[in-house]
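User: Please take a close look at one part of this structure, the sheets and the helices that accompany them. I would like a connected account that I can follow residue by residue.

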Amino acid sequence: MQSISLAVSGVLGNYLLESLIYLDDKGQARPWLAESWQTDADGRTITFKLRSGKTFHDGTPFDAAAVKFHFDTILDPNSASPSKGIVGPLEKVDAPDDGTVIFHFTKPFAPFINLLGQSYFGFNSPTAVKAAGSAYARHPVGTGPFMFDSWTPGTRIELVRNPNFKQFRPDAANQGLPYLDRIVLNVMAEEGVVTSALQTGELDAAQLTADAVRPLADDPQFAVINDKNAKNLMFMEFDYKKAPFSDKAFREAISHAVDREAVLAAAFGGNGTIALGPLSRGIPGYDDAVAQKYGTPYDPDKAKALLDAAGWKDDGGMRAKDGAQAKFTIRSYADSTTERALAVIQANLGDIGIQVDVGTADWGTFYPGLLKPDWDMDLNRWTWSDPSVMSQLFRSPGHRQLLPPNPAIDDALDAADTALDPAKRMQFVSNAQMAILEDRMILPLLTDWPMTVTRTALQGYRLDYLGYVYATDLKIAE
């Protein structure tokens, strides 16, 4: 897998690829391409039995060798797979026969089964990958209900029905071939253009912001699908290696200074929920009691008092300490919602005497740039399905290699990732949320609810637990 971005995941997960398991409406792992699985007594080996009768779009068989090939590629350091860090202590994969795959870990890894439901653990034809080499991403070959047909970069992707598709997922309403013979995924940057395309029938479905949805909400030609089980989290974090962000009191002051409700209203038209905890409400293990007790609700007076106590005195509207002014930068990714969020945050911090300059760039520039020591704060956003996202982000040294060791956080996250008993695991997940909040490691802001507008002529549009469309269910009313 060459990308784990949300956009790529949406295309792959909806239409082209299938995985060993899926997550039901309660977030529980259920068999999909796998028939069953068994974990050994010490939790370091998981054996999967595969279903038979599945083929890739190129006619080659889906079997244990294909599964092994996928994970061998992830583990190969030469492939630089972004999925390698996700599989944690996975050491090797064996395929003793066509229907059996054995995963070997250096230690128990509790998130593994649930993470297999993500689209980037869907399977690509080894034959096609080997034949295409580095060009494979421009013509993917999976086992899903639709096959890749063409791609016009920056404009559209066309998919056609897989005539040999077999449905192994019991929660799909349509257990046969896809109803649609073709799906076109259009790339449109301007929401006004998207709205017009929906109104003229050029598009049958589109994701829109709350502002763009509002004019369509009462029109009987359209239906609005609001994913209130969303698993994203927008948050601020800091360059913890430099002062004053290495000071917990300073981080705490900033955490009380930001009006989350105002950020949510400005960025998403209020369509979502504010976050006081470091885990999205849609992810199993979210502990609201911990969030309410240890979170940092909007309280600018408390923020000012904390700054006063830390020696940051008001000097004509801008605070200063030991001759250094409270003037900093916030980095983020370029997006209209992000820019509106940044405007609120900038104003909130200005109200307590902290001046910030904001800068945005495309994700490919912004995120790698956080490895450089030339920033102070960033506004970030992640979407995930399992509480192990906290380990990826906040277990020292952290996703940007900035976090000092913190035993309270690191030990809780390590315990959560190795506890195979679900109840024990959730307690460690709760402990980790508390420790992250007590350290004021990040400033959780909000979870937005993605909104999709569909023309009512498009029937069967519904989302699974991970937010993927049941592609085989889609059909156009006659």
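**Sheets and helix pairs**

Analyst: In this predicted model, β12 and strand β20 (residues 443-448) are paired through three bridges, in the antiparallel sense.

The loop that lies between β12 (232-238) and α7 (248-257) contains F245. What kind of pair do the rings of F245 and F328 form? A search of the whole structure finds 28 aromatic pairs. In the pair of F245 and F328, the ring centres are 5.0 Å apart and the planes stand at 75 degrees; planes over 60 degrees apart count as edge-to-face, so this pair is edge-to-face. F328 is in strand β17 (residues 327-333), and the two residues are 83 residues apart, so that the pair links distant parts of the chain.

The axes of α7 and helix α10 (residues 300-309) come within 7 Å and cross at roughly 160 degrees. Angles over 145 degrees count as roughly antiparallel, and α7 and α10 are therefore roughly antiparallel to each other. Their crossing is left-handed. On the α7 side, A249, F250, E252, A253, H256 and A257 take part in the contact, and they meet P300, K302, A303, L306 and L307 of α10. Sorted by class, this contact has eight nonpolar residues, one polar residue and two charged residues.

Helix α14 (residues 407-418) packs with helix α15 (residues 422-438) at an angle of about 160 degrees, and their axes are 8 Å apart. α14 and α15 are therefore roughly antiparallel to each other, and their crossing is left-handed. From α14, the residues A408, I409, A412, L413, A415, A416 and D417 meet R425, F428, V429, N431, A432, A435 and I436 of α15. By class, eleven of the contact residues are nonpolar, one is polar and two are charged.

There remains a further open sheet, formed by three strands in the order β10-β21-β11, with antiparallel pairing. β10 (205-208) and β11 (222-226) stand at the edges with a single partner strand each, so one side of each is left without a neighbour in the sheet. Neighbouring strands in this sheet are turned by 25 degrees against each other on average, direction ignored. Four bridges join β10 to strand β21 (residues 451-455), and these two strands run antiparallel. Within β21, T454 stands opposite A205. Helix α5 (residues 191-200) lies across β10, β11 and β21, and runs at about 150 degrees to β10.

Terms used: Residues are numbered from 1 along each chain as its sequence is written. This is a predicted model: local features need pLDDT of at least 70, side-chain atom pairs count only at pLDDT 80 or more; totals for chains, interfaces and linings use all residues. Side-chain values use heavy atoms; hydrogens and water are left out. Axes are lines fitted to C-alpha atoms, for helices over the stretch in contact, and angles run from 0 to 180 degrees between N-to-C directions. Angles under 35 degrees count as roughly parallel, over 145 as roughly antiparallel, 65 to 115 as roughly perpendicular and the rest as oblique. A crossing is left-handed if the near helix is turned anticlockwise from the far one by less than a right angle, and right-handed if clockwise. Contact means heavy atoms within 4.5 Å. Ala, Val, Leu, Ile, Met, Phe, Trp, Tyr, Cys and Pro count as nonpolar, Asp, Glu, Lys and Arg as charged, and the others, Gly among them, as polar. Two strands pair if DSSP finds at least two bridges between them. Rings of Phe, Tyr and Trp (its six-membered ring) pair if their centres lie within 6.5 Å; planes under 30 degrees apart count as stacked, over 60 as edge-to-face and the rest as tilted.
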